[in-house]
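Reader: I have the sequence and the model open side by side. Walk me through the labels, and tell me what each one rests on.

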Amino acid sequence: MAVTENEKSRLRIIPLGGVDEIGKNMTVFEYENDIIIVDCGSIFPKEDMLGVDLVIPDVSYLVGKRANIRGYLFTHGHEDHIGATPYILKQCPGHIYGTKLTLALVDLKLKEYRVDNIPMHVVQPRDVIQLGKFTCEFIHVSHSIAGACAIAITCPAGTVIVSGDFKVDYTPIDGQVTDLQTFARYGEKGVMAMLCESTNVERAGYTMSELKVGETFTKMFSQARGRVIVAMFASNIHRMQMIIDSAVEYGRRICFIGRSMVNVSRVAMQIGELRIPEGYLIDMDVLDDYPDEEILVLTTGSQGEPMAGLTRMAYAEHRKLQIRESDMVIISATPIPGNEKFISRVINQLYRCGAQVVYSAMAEVHVSGHACQEELKLLHSLVKPKYFLPVHGEYRMQWQHAVLAADMGVDPANIVIPELGQVVEMNDEVLCLGETVQSGGILVDGLGVGDVGNVVLRDRKHLSQDGLLIVVMAIDRDEERLVSGPDIVSRGFIYVRENENIIDNTRELVREILSDNSLAGDNWPELKNVIKDEVHRYILEKIKRNPMILPIILDV
């Protein structure tokens, strides 16, 4: 479509995360010299990212435009929407806006990583804020965490609705249903575009109400004869409150175990989102002072994480609590894609301990916080967007959501399945693709951010698969002679005592290489390469293995 010189400015939408993946949600909205950012999330590392703790969005595009950032808006407080805040706000600081629980959880992260001087603004649903040329209204939605909101973003180019994570729950725990009236109000006024989550687009029908889970827990508590241990996401405050209410009804004391569980519950109690009657909250140090039938433990580990509370309990590695035969263990979650085998291992181990184990395949102990097909259709019918961008999902989910949107009346020519870093430009006259900005994932390993790249991951994979062979020798640089060695050190390659012939032959091979080459200091880089190549060739020929070979020359 031809664009004239006089055409009014376009809104630029740039997904830096949350497309072709579930997690790492972050979307940039740019109109002329004003930028706002919706969400700032992280994602679990993939299996081949050995040793990596976290993956966050690459914000190189924003670093050069920090002066234009008018604010960060958060839809809710799950890790895939706030997990990257301490890293990114350190690079690109700005005012942040969100509901009470969301900002309390963000503040917890910022304090943990010592990121200071970030202005925070607590908003309520239906609050309207002005950020440069952007007018933003927060719209309450139901989700698996309190304080979840969609956001209506209006600028001179038009209005965009960002759904955030949501479901249409007519009987939510807090009594606050999804604000369908406000969505309808915007739909009547006219919505230029909608960005809508796609997580459950493959599921027909409606998402079950959270109340159903509450009924299951009440039944479980009535049957339990020993301790009840519930593993769940620490951020699901509504479910946590339901479980606590059932525990109090059956006279059980409540104990939180796991770092995130303790931190989030403390924050939720401080701001009034979580209520526990006086005398019912106990520390894990006094668990043994009460009979088993009076104990409820809420812990982390619903995804089988190796260092989480439930995993350490199952493998008798927890310092205060081990699983007993009388325990009822409830896993109140479904596996995040890729975590299935980790959860299976923990469940198997719990059975080995003799515990009664209840999980989603056996009882309704978990419901999704995301909209299924009929709820997505309802939102489309209310908002009636001209343009549509499916987000928050793997590519197949985005594709199916695009098909659903077309069925709901959106012109297929007005549907864009966004790619990471792809600029989507629009106003009420035109929708087109702009340039592609730098994007992707930044790997966080311990305190290091971005210092682990493809080369380091390749080496870690190589080491994990084939091991390491170190060749150490000491050479007198001035006299150009071998002083000691070569010594051979094996780690994860072969057991030295049972393969002494290979070690001896390798040592002899290196001696021959040293005798055939100059030992002058300026020749050492080339000498190391020759040793590496010849030792590799020998080992591959003898035992068909490919260890990482590391020659080390000491100057004496």
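Author: The model is predicted. Let us start with the lining of the second largest pocket, whose residues divide into six nonpolar, seven polar and five charged.

Reader: What makes a residue count as lining the second largest pocket?

Author: An atom within 4 Å of a pocket point makes a residue part of the lining. For the second largest pocket, 18 residues line the space. Ala146, Gly147, Asp174, Gln176 and Glu273 lie nearest its centre. Two elements give two or more residues to this lining: α4 (100-112) and α7 (237-249). The most comes from α7, with four residues. The space amounts to about 320 Å³.

Reader: What makes a space a cavity and not a pocket?

Author: The way out decides. In a cavity a 1.4 Å probe fits but cannot get out, whereas a pocket is open. The structure holds three cavities of 30 Å³ or more. The largest cavity has a volume of about 160 Å³. Of its 18 lining residues, Asn25, Thr27, Asp39, Val162 and Val391 are the closest to its centre. Strands β1 (11-17), β2 (26-31) and β12 (193-197) each give two or more residues to the lining. By class, this lining has seven nonpolar, eight polar and three charged residues.

Reader: Which residues are closest to the centre of the second largest cavity?

Author: Ser142, His143, Pro172, Ile173 and His238, out of 17 lining residues. The volume here is about 110 Å³. The lining has five nonpolar, eight polar and four charged residues.

Reader: On to the sheets. How do you know that β23 and β24 pair?

Author: Pairing needs at least two bridges between the strands. Strand β23 (468-476) and β24 have eight, so they pair. The sense is antiparallel.

Reader: Which strands stand at the edges of the open sheet of eight strands?

Author: β7 (120-122) and β20 (431-436), each of which pairs on one side only. The order is β7-β6-β5-β3-β2-β1-β19-β20, and the pairing is mixed. Here the twist averages 25° from one strand to the next.

Reader: How do you know that β19 and β20 pair?

Author: Four bridges join strand β19 (422-426) to β20, and the requirement is at least two, so the two strands pair. They run antiparallel. Val424 stands opposite Leu433 in β20. At β7, helix α4 runs at about 160° to the strand, lying across β6 (96-98) and β7.

Reader: Last one. Why is the contact between Glu32 and Lys133 called a salt bridge?

Author: The closest N and O atoms are 3.4 Å apart. The limit is 4 Å between a Lys or Arg side-chain nitrogen and an Asp or Glu carboxyl oxygen, so Glu32 and Lys133 qualify. This pair links distant parts of the chain, 101 residues apart. Glu32 sits in the loop between β2 and β3 (34-38), and Lys133 in the loop between β8 (128-131) and β9 (134-140). By this rule the count comes to 30 salt bridges.

Definitions and conventions
Residues are numbered from 1 along each chain as its sequence is written. This is a predicted model: local features need pLDDT of at least 70, side-chain atom pairs count only at pLDDT 80 or more; totals for chains, interfaces and linings use all residues. Side-chain values use heavy atoms; hydrogens and water are left out. On a 1 Å grid over the protein atoms alone, a cavity is a set of points where a 1.4 Å probe fits but cannot get out, and a pocket is an open set with protein on both sides within 12 Å along at least five of seven lines; lining residues have an atom within 4 Å of a point. Grid points are joined across faces, edges and corners, and a volume is the space filled by probe spheres set on the points. Ala, Val, Leu, Ile, Met, Phe, Trp, Tyr, Cys and Pro count as nonpolar, Asp, Glu, Lys and Arg as charged, and the others, Gly among them, as polar. Axes are lines fitted to C-alpha atoms, for helices over the stretch in contact, and angles run from 0 to 180 degrees between N-to-C directions. Contact means heavy atoms within 4.5 Å.
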